[in-house]
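I opened my notebook to go through the charged side chains, with a few other spots along the way. Here is what I looked up, entry by entry.

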Amino acid sequence: MKRLMLTGLCLGMSIWMTACGANNNAWIEEGTKKLEAELSSSEVYINGTVYTFPCDMSYWINTGWHISNNYENKDEFELEPGIESTEFELFNDNKQYVTVTALNMSDENAKIEDCMVSSLEIKLSSSDKNLQVVLPGGIYAKSGAEDIIQAYGEPTSEEGSDSDKVLNYEYTTEDEDAWICNVEMELNDTKKPLETVKYTLTDDNWGGSKEDVLTYVDTALRASFYGDFEEYVANLYDTEENASALYQSEIDYYAEGLMYYLDMDSSLLDEATIEGYRSIAKTVLGQAKWEITDFSYDEMNLKGTMGLVMYPIDFLELIDDDANAVIAEFQNKYSSVDPDSCTEEELKTIKQDYANMMLEAISARAGETGVSIPVTKVYNIDYAEGVISEDDWNEIDDILMGFGE
């Protein structure tokens, strides 16, 4: 009878231990099922929730995480456009944490919670008290280097020894953004296999190579003068809305410059007439030409110089005779008018007539626009400061438009 009870006790303990074992591994199985098998899915399972990298900071906050007090004024603190924060912690109600950075991808200042998670570091442990973390392919805290390589293939790079190893995997995310990411997996086989996983965005996302600089300059000019901003937008140099606004600003600038050259005050003209000069500007700008030469660039410090051969638009020279003929005709037409005796409205009507006479005379010449003797300039390149300075861009505009030297 005693033996029967002992057997029953052992059986009960066996069932209890099996049940506990199943519960301990349930989150690993659940995480593996919820995730894609490929590392390029950029997914990670944490405490029952699937996160992707990179993703909006708001998703973390909405799933129970809080921003640490690294920023004492976190409720008011804002990141400027294109700026990445220093590292700080997100913590949950169980006082577990991950380390992140935030990047402002918008065109305006933004609070941390409105930014994007641009790096993510997770400390792994198989303890029930710590975060339950699963990576694609069922990789978790007890996975070793062989398990990781079996799941993801050979690493992009590898550092350290067998007892203290770092595996780096670089991949491009499968979503439409196609982020280029690096996952650093730190292992310590003498204690526990996988200790730390850190996701970062590589520098390739932001460019900086010689080819990037050349492409940026050329596509920026094409967007400005031709209104061809497909590649400019595709390379994430700016949004389509902003690229379109850039092109329109160039048209407006040339139209204003043309009217000024012809001795007009656009503020006194009706919108239809101004639009006529914008139409000329659009046609004329499309004739601009340039060549990039003598390009010297250090990809380590992202600085260099660029020679730019610019072929100024010759429209002002082209219309010189026509403009003088209109001026003579206009002066003859109003030779008997004393400007000092005219009202403001009468003067405005006369100036409107002059602008219309000039517009009629020169509009047909826009399609005949060519270029004049090339001008070569050397410009400093600083990728971290926007490639070319604003003053240099303004000079390039004036030279190509024929407003410069």
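**Entry 1: counting the pairs.** I began with the rule for a salt bridge: a side-chain nitrogen of Lys or Arg has to come within 4 Å of a carboxyl oxygen of Asp or Glu. I also kept in mind that this is a predicted model. How many salt bridges does the rule give? The count comes to 12. As background, I noted that side chains of opposite charge can pair when their charged atoms come close.

**Entry 2: helix α7.** I looked at E275 and R278, whose side chains meet in a salt bridge with an N to O distance of 2.9 Å. Both residues belong to helix α7 and sit three residues apart, which is about one turn of the helix. E275 is partly exposed, at 42% relative accessible area.

While I was there I looked up T273, which is also found in helix α7, residues 271-285. Is T273 buried or exposed? T273 has a relative accessible area of 4%, and buried means under 20%, so T273 counts as buried. Its side chain has a partner too: a polar contact of 2.7 Å joins T273 to the side chain of D270.

Entry 3: Next I turned to K333 and D353, which form a salt bridge with their closest N and O atoms 2.8 Å apart. K333 lies in helix α9 (residues 320-333) and D353 in helix α10 (residues 344-362), so this pair ties together parts that are 20 residues apart in sequence. I checked the exposure of each partner. K333 is partly exposed at 47% relative accessibility, whereas D353 counts as buried at 18%.

**Entry 4: D228 and R222.** What distance did I find for this pair? The side chains of D228 and R222 meet in a salt bridge at 2.8 Å, N to O. D228 is partly exposed, with a relative accessible area of 29%. R222 is also listed at 29% relative accessibility and counts as partly exposed.

**Entry 5: a network.** Which residues are linked in a network of salt bridges? I wrote down E87, E121, K123 and K198.

**Entry 6: negative charge on the surface.** I then looked for charges gathered in a patch. E36, E38, E174, D175, E176 and D177 form a patch of negative charge on the surface. E176 is found in the loop between β12 (164-172) and β13 (180-188). Its relative accessible area is 78%, and the cut-off for exposed is over 50%, so E176 counts as exposed.

Entry 7: I looked up E146 in helix α3, residues 145-152. E146 is exposed, at 68% relative accessibility. From E146 to S40 the C-alpha to C-alpha distance is 19 Å, and the two are 106 residues apart in sequence.

K210 has a relative accessible area of 36% and is partly exposed. How far apart are K210 and K303 in sequence and in space? I noted 93 residues in sequence and 9.8 Å in space, C-alpha to C-alpha.

Conventions:
Residues numbered from 1 in each chain as written. Predicted model: local features only at pLDDT ≥ 70, side-chain atom pairs only at ≥ 80, totals over all residues. Heavy atoms only, no water. Patch = residues over 30% accessible without salt bridge, like charges linked within 9 Å, V, L, I, M, F, W, Y side chains within 5 Å. Areas by Shrake-Rupley, 256 points an atom, 1.4 Å probe, with all protein chains shown as cover. Lys, Arg positive; Asp, Glu negative; His and termini not counted. Charge placed at Lys NZ, Arg CZ, Asp CG, Glu CD. Helix = DSSP H or I, 4+ residues; strand = E, 2+ residues; numbered from the N terminus. Buried < 20%, exposed > 50% of the residue type's maximum accessible area, 1.4 Å probe, protein only. Polar contact = N/O pair within 3.5 Å; in protein donor to acceptor, adjacent residues only side chain to side chain.
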